[in-house]
Each structure stands twice: as structure tokens, then as C-alpha cells.
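Q: Please show me how to read the features of a model like this one. I would like the general idea, then the case at hand.

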Amino acid sequence: MKYIVAIIQPDRVDEVLQRLENKDIHLVTVTSVMGRGRQKGISEVYRSHKEAGSLLRKVKLEIAVNDEFLKPTIEAIMGGAKTGNIGDGKIFVLDLQDVIRIRTAEQGSVAVG
Amino acid sequence: MKPITARWSLLALLAYLTCSAVVPCLSRADDAVAVPAAPAVASTPAPKIDTGDTAWVLTSASLVLLMTPGLAFFYGGLVRRKNVLSVLQQCMMALALITVQWMLVGYSLSFGPDQGGLIGSLAWFALKGVGLDPNPDYAATIPHQAFMIFQAMFAIITPALIIGAFAERMKFSAYCIFILLWSTLVYDPVAHWVWGVGGFLHKMGALDFAGGTVVHINAGVAALAAALILKKRQGFPTKISPPHNLPFAVLGAGLLWFGWFGFNAGSALGANGLATAALVASHIAAAAAGLTWVLLDLAINKHMTMLGMITGAVAGLVAITPAAGFVNPVGALLIGITVSLICYFAVAFLKPRFGYDDSLDAFGVHGIGGMWGALATGLWATKTVNSAGADGLFFGNPAQFIIQIKAVLASAIYSFVVSWILFKVLDMTIGLRVSEQDERIGLDLTQHSEAGYTMID
């Protein structure tokens, strides 16, 4: 089992979710986050007082998958989120120790999907 | 100061208000008999109430009332999210507290029988004798109480304007005591000087149509004293987060602009041509000032900002306030353009140069804009708009400009000195600032036990 964390551009969320859906990957947690990478921030000005904006809005997706779904998930995210510009984001893949479905107490890979 | 001392001082304040309210109530029965029994002087016809004028002044009072919640949202949007309620509550507290102060003593001190040109007497304590018949000294065609309640709204918003200078760091108990004392010792006397029958600036011929001196210079200069005495917020100027909700600030500015029509056009005290001239002038000045500010934004910072647009519009409304019923539309346009040039400079260059933390630019916009408005009235006033007014410098009467300078100096110096003393005394006795820890946590939680926003649900 893997736990996939993807940081993507906010305007690519719909496209990524659609592509995940097409590959039968329905379970995803979406969070609005602030972050910083090589893209840097956009500075802001308030009554001529400049704010060196160092953070940008991003969206974080978290997806738990069984191993056979790892490749399709990464393909869906890459396909939907890539624009070719700095700031497209990153995908982190982590080993997932266990999953428990709260309603039924099912455990392990049967609880992932 | 310990919280318990703050609680006692607030209780004492309430006790003062209650006691002073009870005394005149005891004599109320006599008034009720006395009023109808008083025979009218045979030679002067009883003043007649005009329904149109009354409707307009009551409507204007309602419009000006809305400016205080509008100001609350204007300021509330500009602070950090942990302090949004503290600013809203300060504004609403001014509404409640100053209404009671006004009803008991404020109106009498401002407009009551003159005492040496400096202040009104307490003869109208608790609105004694302020009834439904017109008072021809102030407004001959509307009930005296209509004039009183219209003026009450001005007395409420003026101390609330000062909030901009000490936002995000002042103790709420100290705030309450401050605005009560400030209204009584600064607003009421200055209102009497300018508008009261017998007031010395009034007799000198100073022009102030709707309160440039009384409201904006007064509050703006007190704001400078506040910023100097309360000192900077922790982290100012580099570590302060930007406005937490600019859409709130735009909403507030919209309500202010709308309410300002009551403020300025209502000051004609009648539904007439003068009210129309004041409304038209106010709107033109606001629009011209907003436009000028964003053009400066574009020239200096490459973008037209939302905050710049609303700051400019408010500066325009501030500056046109004393001039509204005295200048023609072209004068209004010029006042709108010039005030943004001046206030932009004050906010963007003067404040960083001197380093005082006038957090929401109460001095930069209301103080500087108010002074410019009062001076500009002496430049562009013309009797063709208002025969009861005067001509300004550009209409062949330089003397009026000198009078305006004197009025600006008198009110600015008086307000600064008394505000300074009030802040100093409160700082030495009960303390003005919240603790460092409370400032970090935010005023909403530490002063009001509430949060503006929940995180979940």
C-alpha cells in the first residue's frame, strides 16, 4: 500500500480529479495549502507598503492506494497537473503501514478502496 | 493593571451614567406641564414643521448611523483575523456608549446655551426642553429632537474614527473610558465652537458645512496622539500580516460612501437645493479622489489596487465634508483630486519616514485629509452655491482662507493637546495596552472571549 501526497496548482484540480475518476480512483482528500518552491511568491502592495509575498496558494491531494494503483494514480496526476511551467508541483510517494475503515473495522488493503 | 481594576472602573462608569440619568428624570413631570403652558410671543409666529425637511433629516440620521457599522467593516477588514471582532466591537461600543453620553450631557455641552463661546451649558441635561417643536437657532423647520438625533450620529462616529490609530493593541476597558472622556472633553467643546450658537469659530466666520473640523481634524489629530503614545504593534512594520479581508473593507467603504450622503447632504437640514448641491459635490469628490489614488498607485506601484481605490474615495469624502455645501461641482472635483495627492504622500512616504504606527491611517486620511478639506473650503467656496456661506480665495476673498487656517489650527492644537493628556493619564493609571502575550494571541479572544472565525464548522 502506498500513500501519495501531491502538491499541485489550484487551477489543475478539476482536471486531475477527472483523470483519477477515469482510472477508478475515487478516494482522495483535498486541502487548500500555502507553499513555496522555485516559483517563489508574488509580492503584494497595501497602501504602498510592500509585502514580500513568499508563499503561494497550492492544493494538496492525499490518496491511499494498493500497489497496483500506484502507477495509474501517478499518471493521472502527471497528466492533469503538468503545464510545463515552474510551480507545477510535486508528487511524494510514501509506504503505507496500515489502513482501518472506521465504519466496519476492516483492516489492510481491503480497507483502502 | 489587573483585570479586576478594569472591571471596577467600568462599573464606576456605568454608575456615573445611571446616577446622572436619574436626577433629571425626577423633574420631568414639571417639564411636561411647563411646555404647553409657555405662551408664544405674539409678534413671532410659531415655527412650522416642514414634513419634507423632517423626512430628509430623519433619513439622513439613519444614513449616518449606518456609517459606524460601515466603518467597523472598513477597519475590520484591514486588521488581522485574530482582531476583527475587537474592531467591530469598538465601533459598536461607540454607538451604544456615546448615544447615552449624548442624550445625557453631550448634546447640551455641544448645542446648549453658550458659555463664553467655548462650550454649551448643561441646561439641556438629559434633553431637558429638547422637544418636538423646532429650535430656530439650528433648524427652523424640523423638530428639535430630529436635529439632536442627526447630530448624535456625528458624535458617535467621530471617536470611532480614532480606532484606526490604535487598532490591534488597545485594552477594551481603556478604550471605553477614553471615548467617553474624549467625547465630553474634546468633541463636545469643538462641536460647540464650530456649530453652537455663540461658538467662537462660528462667530469668526469659519466655514465647516458637515464637520471637517469637528469630526475629521478632531479625530485625525487625536489618532496621531494615540499612535505616538500607544507606540507600535509588535512586529511593525515588517512582520505585520496584510489586511485579512479586503472584501469586508470594500463593503465598509461602500456603506461609508452611501452613509456620507446623509452626513453631508443631511447637513443642509432640509430637503432643498443646498442638500442637492452637497450630495452632488460629495459624490464627485469621492469619485475623483478614488480615481486619483489608483492612478498614483499605477504610477508608483505599477498596479491599481482595491485598497487604493477605497482609501482614495474615503479621503475624498473626508475632504469634501467641510466644503460640501459651499463649493460648485468643479470645486468638488479639484478637492477630490488634490486630497488624494496629499493623503497618498502622507500614507506612503510620511508615515514610513517618521515610523509611527497609525495602523489603519486614521491620521493619514482623516487628519491630513480633514485639514486639507478645511483649507480647500477657504479656496473654492462660493456664494453662488450658498448665499449664507462665503467666497473663498479663488473667488476673490483671501480673508476666508486665513479664517480657515485659524479654525484648523485651533481645533487641531486643542484636540492634540487634550487627547495627548487623556491618553497619558489613562496610560499611567489603568494602562492603555494589552499585555504582550494578549497582543500575540489577539484581542478577540483575550478582550472579548470570542473568535471571529471558527476553523471547522
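Q: What is the strand order of the open sheet in chain A?
A: Strands of a sheet pair through backbone hydrogen bonds, either parallel or antiparallel. Here four strands form an open sheet in the order β2-β5-β1-β6 of chain A, and the pairing is antiparallel. Strands (E, at least two residues) and helices (H or I, at least four) are DSSP runs, numbered from the N terminus. Two strands pair if DSSP finds at least two bridges between them. This is a predicted model: local features need pLDDT of at least 70, side-chain atom pairs count only at pLDDT 80 or more, and totals for chains, interfaces and linings use all residues. Residues are numbered from 1 along each chain as its sequence is written, while chains are lettered from A and ligands numbered from 1 in the order in which they are written.

Q: How many bridges join β2(A) to β5(A)?
A: Seven, and the two strands run antiparallel; β5(A) covers residues 56-65. One bridge pairs A:S32 with A:V59 of β5(A).

Q: Which helix packs on the sheet?
A: Helix α2 (residues 70-81) of chain A does, touching β1 (2-8), β5 and β6 of chain A. Contact means C-beta atoms, placed from the backbone, within 7 Å. The direction of α2(A) makes about 5° with that of β1(A).

Q: At what angle do α10(B) and α11(B) pack?
A: At about 140°, with axes 7 Å apart. α10(B) is therefore oblique to α11(B). Oblique is what remains after under 35 degrees (roughly parallel), over 145 (roughly antiparallel) and 65 to 115 (roughly perpendicular). The crossing is right-handed: the near helix is turned clockwise from the far one by less than a right angle.

Q: What kinds of residue make up the contact of α10(B) with α11(B)?
A: There are 13 nonpolar, seven polar and one charged. Nonpolar covers Ala, Val, Leu, Ile, Met, Phe, Trp, Tyr, Cys and Pro; charged covers Asp, Glu, Lys and Arg; the others, Gly among them, are polar. Among those in α10(B) are B:W293 and B:D297.

Q: How many residues does α10(B) have?
A: It has 29, and spans 41 Å from first C-alpha to last, close to the 42 Å expected. The expected span is 1.5 Å times one less than the number of residues. After α10(B) comes B:K302, with a positive phi near 75°.

Methods. Axes are lines fitted to C-alpha atoms, for helices over the stretch in contact, and angles run from 0 to 180 degrees between N-to-C directions. Two residues are in contact if their C-beta atoms, placed from the backbone, lie within 7 Å.
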